[in-house]
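Subject: Structure handover and findings

Hello,

Here is the structure you asked for. My notes follow below it.

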Amino acid sequence: SAPAGVAHASADNPDHVARVIGITLGAATLGMPATVQSTGTITELSWTWMPDEDIYLGLNGVLTQTIPPTAAFAQRVGYAVTPTSIWVDLGEPIELQGA
């Protein structure tokens, strides 16, 4: 049976390719249930995104607007609407050369 809860995906782990299902709403503890959003708007007042730019899966569940140099794959998870809100729109993961 599948384990309960969620785990943070990480762009440097090739085992996580095609396993991203969305973005958690709020902090999530490994293995515990969490609310995951796979489309639509999320607002977080502590964010400081560059509007109209893509947002990618980073390392250890962190979102980023820059693909990490150690990434095994790149996956767009959405784009910034404002500095504090994103539109979640999961893209297809792309395996990176040399990863």
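Which residues does A80 touch, not counting those up to four places away in sequence? They are W49, M50, P51, D52, E53, I55, Q65, S85 and I86. Contact here means heavy atoms within 4.5 Å.

First, the ground rules. This is a predicted model, in which local features need pLDDT of at least 70 and side-chain atom pairs count only at pLDDT 80 or more, while totals for chains, interfaces and linings use all residues. Residues are numbered from 1 along each chain as its sequence is written, and side-chain values use heavy atoms, with hydrogens and water left out.

**A80 and T82 in β7**

A80 sits in strand β7. Strands are DSSP runs of E with at least two residues, helices are runs of H or I with at least four, and both are numbered from the N terminus. A80 has a relative accessible area of 0%, so A80 is buried. The cut-offs are under 20% for buried, over 50% for exposed and partly exposed in between, with a 1.4 Å probe and protein chains only. From A80 to T43 the C-alpha distance is 9.9 Å, across 37 residues of sequence.

T82 is in strand β7 too. T82 is partly exposed, because its relative accessibility is 29%. Beyond four places in sequence, T82 touches W49 and P51. T82 and P69 are 13 residues apart in sequence, yet their C-alpha atoms are 26 Å apart.

**The nonpolar core**

In soluble globular proteins, nonpolar side chains tend to be buried together. A nonpolar core is a set of buried Ala, Val, Leu, Ile, Met, Phe, Trp, Tyr and Cys residues joined through side-chain atoms within 4.5 Å. The largest one here has 16 residues. Those touching the most other members are I23, I42, W49, I55, L57, V77 and I86. Two or more core residues come from each of β4 (54-57), β7 (76-82) and β8 (85-89).

What does I42 contact, leaving aside neighbours within four places in sequence? The list is I23, L25, Q37, W47, T84, S85, I86 and V88.

**Aromatic pair**

The whole structure holds 1 aromatic pair. The ring centres of W47 and W49 are 5.8 Å apart and the planes meet at 55°, so the pair is tilted. Rings of Phe, Tyr and Trp (its six-membered ring) pair if their centres lie within 6.5 Å; planes under 30 degrees apart are stacked, over 60 edge-to-face, and the rest tilted. W47 is buried at 18% relative accessible area. W49 is buried at 12%.

**Salt bridges**

How many salt bridges does a search of the whole structure find? The search finds 2. A salt bridge is a side-chain nitrogen of Lys or Arg within 4 Å of a carboxyl oxygen of Asp or Glu.

D54 pairs with R76, with the closest N and O atoms 2.8 Å apart. This pair links distant parts of the chain, D54 in strand β4 and R76 in strand β7, 22 residues apart. R76 also bridges to D89, where the closest N and O atoms are 3.3 Å apart. R76 lies in strand β7 and D89 in strand β8, so this pair ties together parts 13 residues apart in sequence.

Relative accessibility is 28% for D54, which is partly exposed. R76 is partly exposed at 24%. D89 is partly exposed at 34%.

**Surface patch**

Y79, V81 and W87 make up a nonpolar surface patch, with about 240 Å² of accessible area together. Patches take residues with over 30% relative accessible area and no salt bridge; nonpolar side chains (Val, Leu, Ile, Met, Phe, Trp, Tyr) are joined within 5 Å, like charges within 9 Å. Areas come from the Shrake-Rupley method with a 1.4 Å probe, and for residues only the protein chains shown count as cover. Y79 is in strand β7. Y79 counts as partly exposed at 30%.

**Backbone**

Most residues other than glycine have a negative phi. A18 has a positive phi of about 65°. A18 is in the segment before β1 (23-24) and is exposed at 63% relative accessibility. N60 has a positive phi of about 55°. N60 lies in the loop between β4 and β5 (63-64) and is exposed at 57%.

Best regards
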